[in-house]
Amino acid sequence: MVAGVVVAAACTPGEGPESIPLPTSADTTTTTTTTSTTTTPSTTTTTTVPLGPATYEATIRRTTDGVAHIAAADVASAAYGQGWVSGEDYGCTLIDQILKVYGVRSENLGPGGDGENIDSDFAWRSIDIATTATADYDAASPELVEQFEAFAAGWNAHLADVGTDGLVGWCNQAPWVRPVKPVEIYVYARSLALLASSARFTDFIASAQPPEPEPEVSGFAPRPTSPGIPDFSVLAPVDVGSNGWAVGSERTESGTGGLLVGNPHFPWEGELRFTEVHLTVPGEVDIYGAQLVGLPGVGIGFTDGVAWTHTVSAGKRMTAYLLTLDPESPTSYLVDGTSVPMTAREHTIDILRADGSVDSETRTLYHSEYGPIVDFPGLGWTDAAVLSFRDANIDNDEFIEQYLDMVSVGSLDELIAVHEEHQGVPLFNTIATGADGRVWYADTSATPNLSAEAELLFVDKLFTDVITQVGYENGVVVLDGSDSRFRWEEVPGARDPGLVPFAEMPNVERTDYVFNANDSFWVPSDEFTLIGDFSIMHGEQQTPLSMRTRQNAAVLASDNRTGLAGDDGLFSGIELRDAVFDNVAHTAVLLREAVTSACRGTALVDIDELVDGDGVVALPAESVDISTACTVLSNWDGRYDLDSVGAILWREVMNQFDRDARTTTGPLFGDPFDPAQPTRTPAALADDTTPVLLALGRAVQTMTKAGFAVDSALGAAQFTQRSGTRVPLHGGTNVEGVTNIVDWSINSSSSESVPTRGDPVAPGSAMRNEGFPVNYGTSFVLVVDYSGDAVQAWSILTYGETGDRESPLFETQTVRFSEKNWRSVAFTDDQIAADPTLVEYTVSER
């Protein structure tokens, strides 16, 4: 195996995505030796002849479940080892995503079904994060460049070692697999910051073309000049959420230290999977946690002195602009009455056809001063109007610098200081615990900064303008692009011009506890609210909370109303760990007894016919006997455990009600939301119980059609497929208000073929004929305990530490999750050495 040419190419920054051939020179060789016995760890040493001053050497120790502990004498060598491990565990994901963000998938993978790769290529060429990030990489700190050079060298060395036919995953032997460049990894990393902004619009950029001029025809009315109503519901949801808990010394059983729970809800397929890792550089770095596949460093985790996690912020990472077009030209728009020409950019992509031939396609795409022009359903691009958007993270070069610095933080103060210095967090809240017993919550996400005047104008339009209303209901802030007052305001202290500065971002430090579960910043605790003069772009205040947020609050509340903090109302690490999978549904806590009281007096309910979108009768009109279902719910404890009988039925009942019904007065709740008691209201079933009884009848119909008895246990229906095995799963969804989320997501841009699910049994139902398949939710779950003499931690990576669907590691941790069988984290050398499955090997390059 020859690695010299690979490393030389990988260390050249600032170049484009053209293929790099696998090295063939006989002048530089890699020698690999392996020794192993049944009693000592196996050791693999990989070395190369000297290539220059750069030297990498890392020791990789694999412990239970394949967790990689990477130790090195310097940070660069640790990154090299992490790159090697990334290639071992998920060899395909990184190169696949590089093809995507550079807009060259069609050239390598073909046009895709319905031309999806073509549209993706043009969209990413228009967003052009590759050019922006490459320029930033060329000007980046030496430490950052060194990290990415080393990571790329490790990934490439692994590829050279095993060859394209030795890679794990769907790209084995694929012709598009090649060594990667450091800058390409950096560009991909930067693209991830666009997850809640530009990436949501990729389906609507490639087709954005100005209207063709129409000849004037006598007797025909001109085209309409008023804009249509954009259908913002077509935007793909940002299917990433999380729970984050930080418990301070006031609430720990020992009265010292602190506790942390990190519980990201992320996809179990595709590029947004985590990999668990431990990085150690003596005297500099000792951090354990998780990072997204294909990237260096650690995104969430802990050191000896501080632990942190993230949840996706409810704030806005972009603003859309409705442009009023110049009547003289559809490629110019008006701002304060002045015509501003759009920028036209020509893009050409190559397309690999099924017969092996390659042709090309060229499109001219457009930008306003804000960003790309989009062809949005319901609005399109007319003579009168079109939509554009501005992204708060497109220039976020501080993002990578910040996380590079975070791997070496030793205290809560240092963590806060890094946040303040870089302001690089792209779209997350931060929840952190210090070993000294203090906790911190902050939403330091990149946030557009509207002036006070602009915010007032926007709020007014929420009540007067239909497009503004529809956008906001679907999570999009739509501003009037013809009014310069809606340009982002530039103020001192911001990370980049037009953003909210750190000093104006919501944050709080405590010694009891803080949490977040993806609702707005304003309720970080059951004990207090965080009300202030914060931008509406950070999220709303004094508005209803999700049922999941309310259950999070109940778990941590000082009154210990769930009992999970034990008899003393103070948490030990074990008690907090067990609370993570308690699986109580908050809707059941509030409503189950009242619902069963109502249904006991009603044996039959008359259900109307339910017709699907194609006009086909999905469920007939009939009288449904709900008496057995009522008994099932009466006997249910409100949990979503494997043996929970009643959980399926309750889910189907709750799915008949939308989010508004679950958070405000209406068909489900009779009492109003009270901003003075946000975690407690609403709480009482509506006086008119007809809607909930009809929902119960519909749930019985649905379960019967799917082939499940109303007394079926959750584990019979809720599952995931791993290595051909159907693994039953506990946990619930946001609808029921369970903290431990398991659900389904389509949030993946991977080219890998992945399992699919069937159609719903009926409109409004979550159930399929096979039950409730799961590919999303609780992913890397981590509990850290500083309340004793030394830090302790427990973790589970629910989908495992490999992309190899044939490997036992692909299912072992899913089974671990199903059994609530936490793994103790091996953090010290003694703990690692004592691991019964320890395998150790060294990789190096000179």
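A disulfide is a pair of cysteine sulfur atoms within 2.5 Å, and this structure holds 2 of them. The model is predicted: local features need pLDDT of at least 70, side-chain atom pairs count only at pLDDT 80 or more, and totals for chains, interfaces and linings use all residues. Residues are numbered from 1 along each chain as its sequence is written, and side-chain values use heavy atoms, with hydrogens and water left out. Helices (H or I, at least four residues) and strands (E, at least two) are DSSP runs, numbered from the N terminus. A residue is called buried under 20% relative accessible area, exposed over 50% and partly exposed in between, with a 1.4 Å probe and protein chains only.

**Disulfides**

- C92 and C171 form a disulfide with their sulfur atoms 2.1 Å apart.
- The torsion about the S-S bond of C92 and C171 is about -90 degrees, so this disulfide is left-handed.
- C92 sits in helix α2 (residues 75-101) and C171 in the loop between α6 and α7, so that the pair links distant parts of the chain, 79 residues apart.
- Both C92 and C171 are buried.
- C599 is joined to C630 by a disulfide, S to S 1.9 Å.
- For C599 and C630 the torsion about the S-S bond is about 80 degrees, so the disulfide is right-handed.
- This pair ties together parts that are 31 residues apart in sequence, because C599 lies in helix α14 (residues 586-599) and C630 in helix α15 (residues 627-635).
- C599 and C630 are both buried.
- With the bonded cysteines of the protein numbered in sequence order, the pairing is 1-2, 3-4.

- Helix α6 (residues 142-162) has 21 residues and should span 30 Å at 1.5 Å a residue, which agrees with its end C-alpha atoms being 30 Å apart; the expected span is 1.5 Å times one less than the number of residues.
- Of the 21 residues of α6, 16 are buried, so the helix is largely enclosed by the rest of the structure.
- G163 follows α6 and has a positive phi, near 75 degrees.
- In helix α19 (residues 809-818), the buried residues are F810, Q813, T814, R816, F817 and S818.
- K820 follows α19, and its phi is positive, near 55 degrees.

**Aromatic pairs**

- Rings of Phe, Tyr and Trp (its six-membered ring) pair if their centres lie within 6.5 Å; planes under 30 degrees apart count as stacked, over 60 as edge-to-face and the rest as tilted.
- The count by this rule is 22 aromatic pairs.
- Y56 and Y80 are a stacked pair, because their ring centres are 5.1 Å apart and their planes are at 15 degrees.
- Y56 in strand β3 (residues 56-63) and Y80 in helix α2 are 24 residues apart, and the pair links distant parts of the chain.
- Y56 counts as buried at 5% relative accessibility, and Y80 is buried with a relative accessible area of 0%.
- F204 and F376 have ring centres 4.8 Å apart and planes at 50 degrees, so their pair is tilted.
- F204 lies in the loop between α7 and β5 (241-247), and F376 in the loop between β16 (373-374) and β17 (385-391), 172 residues apart.
- F204 counts as buried at 9% relative accessibility, as does F376 at 0%.
- Ring pairs join F201, F204, F232, F376 and F389 into a cluster.

**Cavities and a pocket**

- On a 1 Å grid over the protein atoms alone, a cavity is a set of points where a 1.4 Å probe fits but cannot get out, and a pocket is an open set with protein on both sides within 12 Å along at least five of seven lines; lining residues have an atom within 4 Å of a point.
- Grid points are joined across faces, edges and corners, and a volume is the space filled by probe spheres set on the points.
- There are 5 cavities of 30 Å³ or more, and the largest cavity holds about 420 Å³ of space.
- The largest cavity is lined by 30 residues, of which Q291, L292, G299, F399 and F428 are the closest to its centre.
- α8 gives the most to this lining, with 4 residues.
- The lining of the largest cavity has 23 nonpolar, 7 polar and no charged residues; Ala, Val, Leu, Ile, Met, Phe, Trp, Tyr, Cys and Pro count as nonpolar, Asp, Glu, Lys and Arg as charged, and the others, Gly among them, as polar.
- The second largest pocket has a volume of about 900 Å³.
- Its lining has 31 residues, with T202, D203, I746, S748 and S749 nearest the centre.
- α4 gives the most to the lining of the second largest pocket, with 5 residues.
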